[in-house]
Amino acid sequence: MQPSHFRPGMPLNSSVELPPVHSVTSGAFPPAPGTLLSAPPSRPASGMRMSQLLQPVPQGPHQMQPGPSTSPYGRFYDSASGSPAESGLPDAPMGSIPGPPLYQTSPVGHGQGPSSLQHPKRAYRQRRKDPSCDACRERKVKCDASDETSCTECSNRKVRCQFTKETNRRMSSIKQVQDLEKQLAHVKSQLHHARSGMMRPDHVMDLDDAAFQPGIKLPEIDYKPSRRSRAPVFQDLSEVRTNIRQHGRGILKVPTPYQQRGTRSIVTGDAPTLPPKDVADHLLSQYHNCIHSVLPVLHWPSFTAQYEEIYRSGSLLGVSSEWAAVLFGVFACGTAHTTEPDWEGKGKEFVRLSCGIIDVWQENFNLDRARAALLVSIFLYEVNSKSASWVWIGSAVRVAQEIALHIDLGGWPPVEGEMRKRVWWGLYTWDRLLALEMGKPVLINDQDCDIDLPCPVDDQYLTEEGKLPEVQNQQITPMLATIHVVRSLGQLTRTLRSTSISPATLETFERHFNTCLGIFPADLIPKTDQDLDPRSLAPIIYLQNARLLLHRHNITPYCSSADRSSARDICVLIAIDTANILSRCMRDRNSAGDWRPLLASCAGTLLCTHIWRCTLFLLYRQEFGAALTCVQASAAVGDIRPVNAACGRYLAFFLRILLARTPESDVMNMDHDEEMIAYISGDMQGTSEGSWVWQGSETGSELEASSMWTTPAEQEPETEWEGWEWIEKTIRYLLSEKQHRVYERRDVPVEPRHDPNMLNPDAGSNSTDRGSSSAHSRMTIASII
């Protein structure tokens with residue numbers, strides 16, 4: 001109950017000041033002396049209303065003269081407002097007034113003016129405190145909604161409980177204000193998203209989603225992590241630490257790096273057999289040249305020293321089981337970058353040894369445990385077992401987080417501290433690459449990390465005795481160049497979940513990619529013409545692949561025709577840049593000899609897949625010259641990589657479709673051919689967010705009952721297809737036909753040419769009058785097929 005404003009010791013007939021009531025009811029006038037207010041809000045809700053109170057008959061000459069009504073409730077209510085009792089507003093406090101006590105019989109007051117005497121207002125009916133929501137009013141059911149929670153009916157039906165109908169005259173004023181505030185916050189959020197190019201994919205107004213979501217923000221190149229604050233310690237807690245270690249055993253685990261090193265798990269008994277020394281040296285060399293330069297998760301001098309020691313002893317007995325698992329993982333990844341026909345079987349055997357030698361009951365993890373899981377994930381991805389690779393990188397990330405690789409705790413020796421950074425950023429890079437390729441969410445949250453970037457120094461300068469050398473001019477190593485690219489892939493994977501990407505967002509990503517490209521080594525710039533070692537392709541291929549997947553997203557039917565056409569044009573330009581990069585790797589060098597074996601040995605699954613995506617766009621836009629370069633690079637890899645053989649089968653199928661659509665006119669216009677657009681989308685149709693061709697398809701039991709569903713034996717991928725030679729020959733023919741049409745438009749006589757670098761098409765395509773009729777052109781295409 002609010003306190004009365006009566007002041008002790010003052011005469012009853014003296015004037016007093018009442019508190020203002022405009023804070024209680026908006027729009028009310030301040031009370032004047034001599035006006036009685038309603039009861040305080042603490043009065044129990046006994047069902048009595050103000051209209052039910054009696055007004056005693058004034059007595060004596062002190063009767064108060066009637067005056068204008070200044071009651072806070074003495075105002076009219078429009079149709080959109082409820083009664084004062086329904087609005088939930090508190091009543092004004094009781095005060096003392098001069099003269100005998102008077103009581104007010106209604107909110108307006110009887111006898112306070114001539115108009116009130118002539119037209120007395122009837123008492124308000126007792127109404128419900130809260131009205132019904134829109135859904136309950138339509139269904140004519142009881143609504144139990146409150147100002148904070150939705151009603152049971154809306155909760156069961158999983159619909160939005162709101163009060164927005166104009167016909168709802170009993171709308172709660174508090175609920176109405178809350179809904180308006182939520183709508184205003186949502187409109188502000190949508191406006192910000194429109195400016196930043198990050199509109200919500202569903203475009204549905206959600207009144208319950210009032211949280212402000214900022215636009216995209218890509219990481220800066222000069223990465224400086226924010227350090228976590230540490231609790232201050234004002235006294236010696238060594239005894240406390242000892243007691244916690246002793247008595248907290250089995251309850252808590254001391255965090256890294258304050259853990260005492262437990263017992264190591266070593267190889268005993270029947271140790272795995274090592275491969276011959278010459279084979280092992282070759283596998284280590286391939287691993288170092290193709291993987292270690294980009295993901296240097298091993299301290300190479302220490303690793304090779306222990307490697308030589310175990311080969312001198314001739315056995316793995318007494319070696320840490322985690323280190324032995326890393327060794328076999330290195331052998332497996334080394335076989336993935338050889339050109340031997342049976343490399344896949346040998347690599348799988350090494351992976352089985354790596355997984356089998358690990359003690360699964362070991363509770364104390366270390367760097368080698370995270371390295372071993374990462375190497376298994378890399379090998380599985382190279383043999384096109386992508387789902388298994390995704391699972392293993394998750395295991396590696398969890399091990400790394402268990403030993404706190406993502407946090408800079410300090411206090412490590414120089415080599416171990418630097419290797420913790422390199423292992424963490426190696427896991428971070430592989431996690432981002434797999435998430436982008438497979439359309440999965442990233443496993444590592446940037447907000448959880450405060451670890452510095454690795455130092456751009458060679459392994460030979462990392463020694464236990466000395467400190468790290470001073471870095472001059474911030475050298476860019478392949479790992480640092482890769483990290484700058486992949487740090488934006490987390491935001492890119494989230495952006496690709498939307499139905500379309502706005503031009504502002506595309507420009508934001510392009511600025512970041514151009515910034516990354518500006519710090520790359522000079523030989524990795526796409527526009528240069530320097531010879532390029534294919535073993536150094538990884539950073540620029542990662543960047544080109546991210547750009548292609550970014551712009552390719554807008555070829556979906558969700559986008560407008562103009563946006564889809566612009567996306568295809570940009571994808572073609574990116575593919576041409578990739579073809580230019582590949583052409584610089586496809587040059588014979590005096591020292592290296594033929595470029596084909598070198599490219600085939602260092603080409604991984606991601607490179608093969610990116611070349612395939614570029615080839616599809618180049619063939620679609622009749623850029624046959626650049627497409628021929630990409631096909632020659634893929635043909636050099638051949639069927640050594642499982643994914644490359646699958647890409648070749650797809651390209652052969654696409655060329656057959658393309659040849660069947662060869663028109664009678666000079667230019668093939670397929671901008672509105674939805675079938676061809678779906679074909680060039682490629683592996684977009686393998687993701688949940690990016691695919692669209694599966695809409696309306698059979699699912700589940702319908703597929704099993706369908707006559708088109710094959711048996712498991714028939715689901716094996718086809719092994720017989722035209723081959724890379726046929727693909728290259730067909731593209732050469734299409735290129736010559738396009739050049740022939742260009743010369744015809746210029747009225748230049750065409751002479752038969754014999755290019756030694758070009759495979760000769762069929763005899764029908766070399767005639768001097770070829771292309772003169774569509775029938776002859778179709779005959780030539782048929783002869784190719």
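C151 is buried, with a relative accessible area of 1%, where buried stands for under 20% relative accessible area, exposed for over 50% and partly exposed for what lies in between (1.4 Å probe, protein chains only). The model is a predicted one, in which local features need pLDDT of at least 70 and side-chain atom pairs count only at pLDDT 80 or more, while totals for chains, interfaces and linings use all residues. Residues are numbered from 1 along each chain as its sequence is written, and side-chain values rest on heavy atoms, with hydrogens and water left out.

A disulfide is a covalent bond between the sulfur atoms of two cysteines; here the term is applied to a pair of cysteine sulfur atoms within 2.5 Å. The search of the whole structure returns zero disulfides. C151 is accordingly in no disulfide, the nearest cysteine sulfur, that of C154, being 3.3 Å away. For C608, the closest cysteine sulfur is in C647 at 6.9 Å, which is too far for a bond, and C608 is also buried, with a relative accessible area of 2%.

## Overall fold and surface

The protein contains 26 helices and zero strands, both taken as DSSP runs numbered from the N terminus (H or I of at least four residues for helices, E of at least two for strands). Of its 785 residues, 44% count as buried. Taking a contact as heavy atoms within 4.5 Å, 74% of the contacts between residues at least 6 apart in sequence join residues at least 24 apart.

The protein exposes about 41,900 Å², of which carbon and sulfur atoms supply 53%; the areas come from the Shrake-Rupley method with a 1.4 Å probe, and for residues only the protein chains shown count as cover.

## Salt bridges

The structure holds 28 salt bridges, each defined as a side-chain nitrogen of Lys or Arg within 4 Å of a carboxyl oxygen of Asp or Glu. In one of them K277 pairs with E308, with the closest N and O atoms 3.5 Å apart; since K277 lies in helix α7 (residues 277-292) and E308 in helix α8 (residues 300-313), the pair ties together parts that are 31 residues apart in sequence. K277 counts as partly exposed at 30% relative accessibility, and E308 is partly exposed with a relative accessible area of 31%.

D577 and K527 form a further salt bridge, their closest N and O atoms being 3.0 Å apart. This pair links distant parts of the chain, with D577 in helix α18 (residues 561-585) and K527 in the loop between α16 (503-518) and α17 (538-552), 50 residues apart. D577 counts as buried at 13% relative accessibility, whereas K527, at 67%, counts as exposed. In the salt bridge of D431 with R432 the closest N and O atoms are 3.1 Å apart, and both of these residues are buried. E437, R552, R613 and D683 are linked in a network of salt bridges.

Six cavities of 30 Å³ or more are found in the whole structure, a cavity being a set of points, on a 1 Å grid over the protein atoms alone, where a 1.4 Å probe fits but cannot get out, with lining residues having an atom within 4 Å of a point. Grid points are joined across faces, edges and corners, and a volume is the space filled by probe spheres set on the points.

The largest cavity holds about 370 Å³ of space. It is lined by 23 residues, of which C290, A538, Y542, C602 and G604 are the closest to its centre. The elements giving two or more residues to this lining are α7, α11 (367-382), α13 (414-438), α17 and α20 (605-620).

Terms used: 1 Å grid on protein atoms, 1.4 Å probe; cavity = no way out; pocket = protein on both sides within 12 Å on 5 of 7 lines; lining within 4 Å.
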